[in-house]
Amino acid sequence: MSDEPLDPAVVLKRDLEAGIKTQFVRDGTRQTYADFLKLDQLLDLQETFQDPPERDELLFVMIHQVCEMWLKLMHFELQQIAGALKTGNLNDAHKSLARVKAILQQLIGAWQVLQTMTVTDYLAFREALGAGSGFQSWGYRLVEFALGNKDANHIEMHRHDPDVTARLEQALGEPALYDVVLVMLKQNGWPVPDRLLNRDVSQPYGGDEAVVAIWAEVYSDPARHWDLYDLAEKLLDVEGLFQRWRFDHMSTVQRIIGHKTGTGGSSGVGYLKAALSLRFFHDLYEVRNVLVEDG
């Protein structure tokens, strides 16, 4: 073995493989990675608020833009789940549920990145936000409506935008994911009361003893009712991760601004703490109280 040192240029050099493409025009149109993803437009969207920008403005903008894209995908997947359940395609529903869980993990991870911003970092540009606040995210509201947290009051802050208002009002009047589950149970012969199937779906569903009894039967014999048992557990997985995301949001806000009022006028931490008491799938929690005997 030679004792002579290796030439870094030789060690690190890697020639392009023969099959790698360097010409990207097909039928008169350029088709590259950047073209497909519209990277020129996408990466121009991270505009800061001040000139010159403060140190963490870019972090703040990018984290929130990335979260909005994840929310968009999560809403799409929730719609896919509802569509699959309507046709009895549980395999597709489970695939999208797994994806929703993975998206929520990404959203949870985003708070870890944002927590690297200190209160001093944030105060350097907070005033430039004006009345802008994540509280006004209509993408988040679409997800909450799809999961069942229906509240028409949350549309009011979007009245300045007719298109967004119309989209939120439409989502408010559509069945939430659990409403679709109730219909599916009925279609499969379970005694779901008609009053639940005919209820006003623009209002949040708060649970029902008759449906809890259905889930109690499912949970009492998982092998016999495996498809429903597995669906119920995956729905709880989604809610658990969503609650974790909410909690980490609250913790991040508390870490950065304490208990001060948010830029959008909300109570900040107080408002976020209140959201932790909200549930999507009430029956799936209540069935535990039925199945677990007092010691």
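**A buried glutamate and its surroundings**

Author: The backbone nitrogen of Phe280 lies 3.1 Å from a polar atom of the Glu239 side chain. A polar contact is a pair of N or O atoms within 3.5 Å; within protein, one must be able to donate a hydrogen and the other to accept it, and residues adjacent in sequence count only if both atoms are side-chain atoms. This is a predicted model, in which local features need pLDDT of at least 70 and side-chain atom pairs count only at pLDDT 80 or more, while totals for chains, interfaces and linings use all residues. Residues are numbered from 1 along each chain as its sequence is written, and side-chain values use heavy atoms, with hydrogens and water left out.

Reader: Is Glu239 buried or exposed?

Author: Buried means under 20% relative accessible area, exposed over 50%, and partly exposed in between (1.4 Å probe, protein chains only). Glu239 counts as buried because its relative accessibility is 1%. Its place is in helix H12; helices (H or I, at least four residues) are DSSP runs, numbered from the N terminus.

Reader: Which residues are in contact with Glu239, leaving aside its neighbours within four places in sequence?

Author: Contact means heavy atoms within 4.5 Å. By that criterion Glu239 meets Leu278, Arg279, Phe280, Phe281 and Tyr285.

Reader: Which side chain is joined to Glu77 by a polar contact?

Author: The side chain of Arg99, at 3.1 Å. Glu77 is found in helix H4 (residues 57–86) and counts as buried, because its relative accessibility is 2%.

Reader: How many residues does the largest nonpolar core have?

Author: A nonpolar core is a set of buried Ala, Val, Leu, Ile, Met, Phe, Trp, Tyr and Cys residues joined through side-chain atoms within 4.5 Å. The largest one here has 67 residues, and Met74, Leu85 and Trp215 have the most contacts inside it. Helix H12 gives the largest share, 13 residues. Beyond four places in sequence, the contacts of Trp215 include Tyr178, Val181 and Leu185.

Reader: Why is helix H9 described as largely enclosed by the rest of the structure?

Author: Eight of the 11 residues of H9 (residues 177–187) are buried, so the helix is largely enclosed. Among them are Tyr178, Val181 and Leu185. Just after H9, Gly189 takes a positive phi of about 90°.

Reader: By contrast, is Phe36 buried or exposed?

Author: Phe36 counts as exposed because its relative accessibility is 71%. Its place is in helix H2 (residues 33–37).

Definitions and conventions. Helix = DSSP H or I, 4+ residues; strand = E, 2+ residues; numbered from the N terminus.
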